[in-house]
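Dear colleague,

Please find the structure below, with the sequence alongside. My notes on what was found in it follow.

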Amino acid sequence: LSERNGILRVASTSLPVTTGGAQSESETSVTTLAERSGAPVPIGRVGGLGRGERVYAVRFAGDVGYVVTFRQVDPLYTVVLSAPGRPPVRGELELRGYSAYLHPLRAGLLLGVGQDATTDGRTLGTLASLFDVSDPAHPKRLDAFTLARTRSDVEYDHHAFLWWPRAQLAVLPVQTFQDRPFLGAVGLRLR
């Protein structure tokens with residue numbers, strides 16, 4: 001959920017429903033709502049994001065929404081919300097794995113934290129991806145860092161993430177209980 005200029009922006013996933021033997025696919029959408037007579041009323045919607053997948057991360061930054069869905073690959077969608085009555089999907093980037101947390105770093109840059117994965121969706125370890133989103137129609141991954149066989153609490157708790165703008169430093173707690181247990185943090189510097 002996010003509010004900007006009196007417009008509520010909501011990303012949601014509808015789950016499959018079985019009726020009469022037919023089953024629908026899950027689908028993610030972004031809906032915009034405005035207050036009318038004291039109640040929120042839908043004024044715009046874009047759907048069809050990540051059919052058969054579910055939403056993993058959302059970040060609304062200004063007039064753009066970033067939505068990540070996942071089942072086997074990670075589509076990062078950019079949704080332009082400057083005309084809230086007609087919000088179009090402007091770009092899409094498909095990658096292995098997923099981002100569970102998205103954080104704008106500075107103009108045109110977005111950091112995603114989640115899990116790297118195989119092409120069939122098996123998770124491999126903590127993944128931090130740096131995205132260039134300066135052109136919403138053509139998001140690109142500029143760099144990625146993977147720490148095999150680990151997880152980060154950032155995937156489940158946004159309070160676990162630290163962005164220190166002055167030092168251009170992101171800090172992620174990581175843990176593994178594999179061969180050699182480890183509980184600590186990783187610092188990633190933006191240059």
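**Confidence and conventions**

The mean pLDDT (the predictor's confidence in each residue, from 0 to 100) is 92 for the protein, and 96% of the residues score at least 70. This is a predicted model, in which local features need pLDDT of at least 70 and side-chain atom pairs count only at pLDDT 80 or more, while totals for chains, interfaces and linings use all residues. Residues are numbered from 1 along each chain as its sequence is written, and side-chain values use heavy atoms, with hydrogens and water left out.

Confidence is lowest in strand β4 (residues 22–23), with a mean of 64, and highest in strand β15 (residues 162–164), at 97. Where pLDDT is low, the predicted coordinates should not be read in detail. Strands here are DSSP runs of E, at least two residues long, numbered from the N terminus.

Strands β7 (residues 54–61) and β8 (residues 64–70) run antiparallel and are joined by seven bridges; two strands pair if DSSP finds at least two bridges between them. Arg54 stands opposite Phe70 of β8. Two residues lie between the strands of this hairpin, and Gly62 takes a positive phi near 65°.

The loop between β7 and β8 also holds Asp63. Asp63 forms a salt bridge with Arg4, their closest N and O atoms being 3.0 Å apart. (A salt bridge is a side-chain nitrogen of Lys or Arg within 4 Å of a carboxyl oxygen of Asp or Glu.) The pair links distant parts of the chain, since Arg4 is in strand β1 (residues 2–4) and the two are 59 residues apart. Asp63 is partly exposed at 32% relative accessibility, and Arg4 is partly exposed with a relative accessible area of 32%. The classes are buried under 20% relative accessible area, exposed over 50% and partly exposed in between, using a 1.4 Å probe and protein chains only.

**Other salt bridges**

The structure holds six salt bridges. In one of them Glu27 meets Arg45, with 3.8 Å between the closest N and O atoms. Glu27 lies in strand β5 (residues 27–36) and Arg45 in strand β6 (residues 39–49), so this pair ties together parts 18 residues apart in sequence. Glu27 is buried at 17% relative accessible area, whereas Arg45 is exposed at 52%.

Arg151 and Glu155 form a salt bridge through their side chains, at 3.3 Å from N to O. Arg151 is partly exposed, at 30% relative accessible area, and Glu155 is buried, at 8%. Salt bridges with shared partners join Glu27, Arg45 and Arg51 into one network.

**The largest pocket**

The largest pocket has a volume of about 220 Å³. A pocket, on a 1 Å grid over the protein atoms alone, is an open set of points where a 1.4 Å probe fits, with protein on both sides within 12 Å along at least five of seven lines; lining residues have an atom within 4 Å of a point. The volume is the space filled by probe spheres set on the points, which are joined across faces, edges and corners.

There are 14 lining residues, with Leu111, Leu130, Asp143, Leu188 and Arg189 nearest the centre. The elements giving two or more residues to the lining are β13 (123–132), β14 (140–148) and β17 (182–189).

**A buried tyrosine**

Tyr101 lies in strand β11 (residues 98–106) and is buried, with a relative accessible area of 11%. Tyr101 and Gly112 are eleven residues apart in sequence and 5.6 Å apart in space, C-alpha to C-alpha.

Regards

Definitions and conventions. Helices (H or I, at least four residues) and strands (E, at least two) are DSSP runs, numbered from the N terminus.
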